[in-house]
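Open the structure in your viewer and keep the selection panel at hand. The stops below run from one whole chain to a single side chain and then to an interface.

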Amino acid sequence: MTAALVEVQGISRTYRMRSGLFGRPTSVHAVDGLSFSILKGETLGIVGESGSGKSTTGRMVLGLEPPDQGHVRFDGAPIAPVGTAAWRAQRARMQMIFQDPLGALDRRLPVAAQIREPLDIHDIGTKAERDARVHELLQSVDLSDSHGRRYPGALSGGQRQRIVLARALATKPDFLVCDEPVSALDVSIQAQVVNLLIDLQARLGLTMLFISHDLRVIRQISSKVAVMYLGRIVEHGDADDLFARPQHPYTQALVSASPAPGRRSTNRIVLTGDPPNPAARPSGCAFHPRCRHAIARCAVEVPQLAALDDRRQVACHLVTGPQSQTQDAA
Amino acid sequence: MAPLVSISGLKVAFDGTPVLHGIDLDIGKGEALGLVGESGSGKSVTWLAALGLLPVKAKVSGSVQLEGRELLGAPGTELDSVRGRRIAMIFQDPASALNPVLTIRRQLCESLALHRGLRGEAARVEALRLLDLVGIPDANRRLSAYPHEFSGGQVQRIMIAMALAGQPDLLIADEPTTALDATIQAQILDLLSAIRREFNMAMVLISHDLGVVAENCDRVCVMYAGRIVERAPATRLFDDPWHPYAQGLIGALPPLDGVRRKLQAIPGTVPDPRALPSGCAFAPRCMFAGDGCHAGVPPLAPLEDDRAVACLRPQRLPVELAAE
C-alpha cells in the first residue's frame with residue numbers, strides 16, 4: 001500500500017474581520033475542520049468557488065499559515081515552525097505555483113538567474129552543477145537557454161508560468177501545491193501548461209495539490225477531487241467518478257453549471273440565492289439556503305463528511321446510501 | 001430581412017499598428033451572436049470601434065451601419081442617441097462601471113432620464129421595475145443602496161438593468177460572466193437569455209469561453225489576430241469546426257466526461273500585432289499549413305449557405321461522417 005505523503009487532520013483557520021470602520025469584529029471561518037490525505041504520486045484537486053477556503057487550505061498545507069486547530073503532517077513528520085532549519089529542509093521538498101506568474105517573478109532579473117536561486121538558497125551542487133541544472137530545468141519545461149537570458153517582461157504568460165514551474169522544480173521537490181496555475185492563461189496556452197504539468201508529474205513522480213475553480217482543468221489533472229463549500233469539504237472521491245456521478249447537491253449544480261460546447265443542456269440546475277459569504281455562514285449545512293432538496297434538519301445540524309462507499313465521501317443529510325434521493329430527483 | 005447592424009471592412013490601428021484587419025459582420029434583429037477568440041484577437045475592439053468608444057489615437061476605417069444609418073464618423077450628438085439607447089454594452093468588471101458614491105437609484109434614474117426622459121416618480125417606478133426584472137430581491141429597499149452593498153453577481157444584474165433602461169435593440173455583453181463564480185455565471189446567463197426572449201433583443205456575446213458561447217448563441221464567429229477566421233451556426237461549429245484554429249480551441253478544452261485524453265494544445269503563442277506573419281496569421285502554429293498559407297491572407301469565403309471559413313485548407317469531415 002502506498003503511504004500518504006501529506007496528511008491533514010481537522011485543520012481550521014479563522015480570520016478576524018471588521019465590518020465598516022466602527023463595526024464589531026466578527027470571525028470569518030475560512031477553513032473549518034478539514035481532513036484529507038494525499039498518497040505519494042497522487043494529485044488531489046480542490047475545487048470550489050471564491051470564498052470556499054481552497055487557497056487558505058493550500059497555504060496551511062505548506063506551513064505558510066499556521067492552522068488555528070488541527071495539524072498537517074508531511075512524510076510522517078509535523079510541519080516544522082517557520083524559519084527553523086528543519087522547516088527549510090522540509091520546504092525544499094515542497095514547492096508552490098500561483099496564478100500570477102508575473103507577480104512571482106522579479107522583473108529586473110533574467111529568468112535563468114531566478115530558476116537558479118533556490119539552488120543557491122538551499123546550497124545544492126557546485127557552480128557548474130547548478131548551471132547544468134538550470135539548463136536541464138529549462139528543457140524540462142520546453143524552453144531554451146535563450147529564453148533563460150530574457151527578463152520576465154519579454155516572455156508570454158504561458159512561458160512565464162513555465163519559468164515559475166521550472167524554479168519550483170529546481171530543488172527536486174516531492175510535493176507541489178498549484179493554486180489556480182492556469183486560470184489567467186488563454187485556452188490554447190492553458191492546454192500546453194496542463195499537458196506539461198501532467199507529463200512532469202508522471203516523469204518525476206510528483207505528489208500534487210491542485211487548486212482551481214475550473215472543473216474541466218481539475219478533472220484533467222487530478223486523480224482524486226475534493227469539492228469545497230464555505231470552508232468545508234462537501235464531497236470527495238475519484239475524479240472521473242465524481243464528475244460523472246456527483247452526489248452532493250452542490251457538486252451536481254457545479255457540474256451542471258459548467259457549459260459544454262456542442263450540446264445545449266436543457267435541464268441545467270440554476271442555483272438561486274446569493275453566493276456564499278464566509279462572514280455570514282448559514283447555520284447547519286452551509287449550502288442549505290441554496291439547496292433544492294433542503295429539509296428542516298439541514299438548517300440545524302451540520303452534516304459530517306461520511307463514506308458513501310469505499311471511494312466516495314459526501315457531507316449531506318440526504319445522501320446516505322448508494323441510491324440517494326438527490327440522484328433520483330435530479 | 002435587412003440586418004439590424006451591419007459592419008463591413010472595419011479596420012482599427014493603434015499608433016500605426018493594425019489590430020483589426022477588416023471585419024465583416026451582420027447581426028439580425030433578435031439574434032444572438034457569439035464572438036470567441038483569445039486575448040488580443042480583437043473581439044472587444046470591434047465593438048468599441050463600432051460605437052466610437054476608442055481613444056482618439058485609434059485610427060478607425062470601414063463602415064458600421066445601424067438600420068442603414070452610418071455610425072462611423074457620425075457626430076457625437078447622433079452617437080449619443082444610439083449608445084445606451086439602441087445599442088447598450090455591459091462589461092466584464094461591473095463594479096468599476098458603477099459610481100461607488102452614488103446610490104443605485106441615482107444611477108438607474110440617470111440612465112432613464114438620459115435615454116427615456118423619465119423624471120421623478122415615473123423614473124423611480126421604472127427603476128423599481130427594472131431591478132425586479134433582473135431579479136434583485138427586495139428591490140424597493142435596495143434602490144437606496146450603494147454598489148459595494150451588492151455581491152458581484154448582483155452588481156452585474158444591476159448593470160444589465162441599466163443597459164435595459166434605454167430599451168436597446170442590441171446588447172453587447174463583453175465577457176459578462178468571466179469575473180463571476182460558476183453557479184453565479186449560470187444565473188446571469190439564464191437571466192440574459194430570458195430577457196432576450198422577452199424583448200426580442202439581439203445580443204452579441206463576447207467570450208473566451210467556448211462553452212458559454214455555444215450554449216447561448218445562434219451563430220458564432222471565431223476571431224484570431226484581428227480577423228474573423230470562421231463563421232457558423234453555434235451547434236455546427238462545435239460539432240464540426242473547419243478552421244484549424246477553431247479545431248485547436250475546441251481540442252484544447254478538457255472534457256468533463258468520457259475518457260481523459262492528452263489535450264491538443266496549439267503550439268506557440270498568439271502573434272504580436274506589430275510582427276504578424278505574412279499570409280495567414282495562424283499558419284506558423286497550424287499543423288496543416290502548406291506553402292500557399294504563408295503567401296497570402298485567405299479571405300473569409302462562404303463554403304455553405306450559413307458557413308464561412310478563412311482557410312486554404314479547411315478541415316471538413318467527409319460528408320457521411322458529418323451527417324452522423
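The tour starts with conventions and then moves through the selections in order.

This is a predicted model, in which local features need pLDDT of at least 70 and side-chain atom pairs count only at pLDDT 80 or more, while totals for chains, interfaces and linings use all residues. Residues are numbered from 1 along each chain as its sequence is written, chains are lettered from A and ligands numbered from 1 in the order in which they are written, and side-chain values use heavy atoms, with hydrogens and water left out.

**Stop 1: chain A**

Select chain A and colour by secondary structure: there are twelve helices and twelve strands (DSSP runs, H or I of at least four residues for helices and E of at least two for strands, numbered from the N terminus). The C-alpha trace spans about 70 × 50 × 50 Å along its principal axes. Of the 330 residues, 53% count as buried (under 20% relative accessible area, 1.4 Å probe, protein chains only).

**Stop 2: A:Arg130**

Next select A:Arg130, in helix α5 (residues 127-140) of chain A. Is this arginine buried or exposed? A:Arg130 counts as buried because its relative accessibility is 12%. Its side chain reaches the backbone oxygen of A:Gly125 at 3.3 Å. Leaving out residues up to four places away in sequence, A:Arg130 touches A:Arg116, A:Leu119, A:Asp120, A:Asp123, A:Ile124 and A:Gly125 (heavy atoms within 4.5 Å).

**Stop 3: the interface of chains A and B**

Show both chains: 41 residues of chain B are in contact with 42 residues of chain A. The two chains bury about 3700 Å² between them, 52% of it on carbon and sulfur atoms (accessible area, 1.4 Å probe, lost on being put together, summed over both). In chain B, B:Glu215, B:Leu256 and B:Arg260 lose the most area to chain A, together 24% of what that side buries.

Now zoom in on A:Asp240 and B:Arg260, which form a salt bridge with the closest N and O atoms 3.0 Å apart (a Lys or Arg side-chain nitrogen within 4 Å of an Asp or Glu carboxyl oxygen). The count between the chains is two salt bridges.

Finally, select α8 (182-199), α9 (210-216) and α10 (234-239) of chain B, each of which supplies at least two residues of the side touching chain A. Helix α8(B) gives the most, with seven residues.

Methods. Buried means under 20% relative accessible area, exposed over 50%, partly exposed in between (1.4 Å probe, protein chains only). A polar contact is a pair of N or O atoms within 3.5 Å; within protein, one must be able to donate a hydrogen and the other to accept it, and residues adjacent in sequence count only if both atoms are side-chain atoms.
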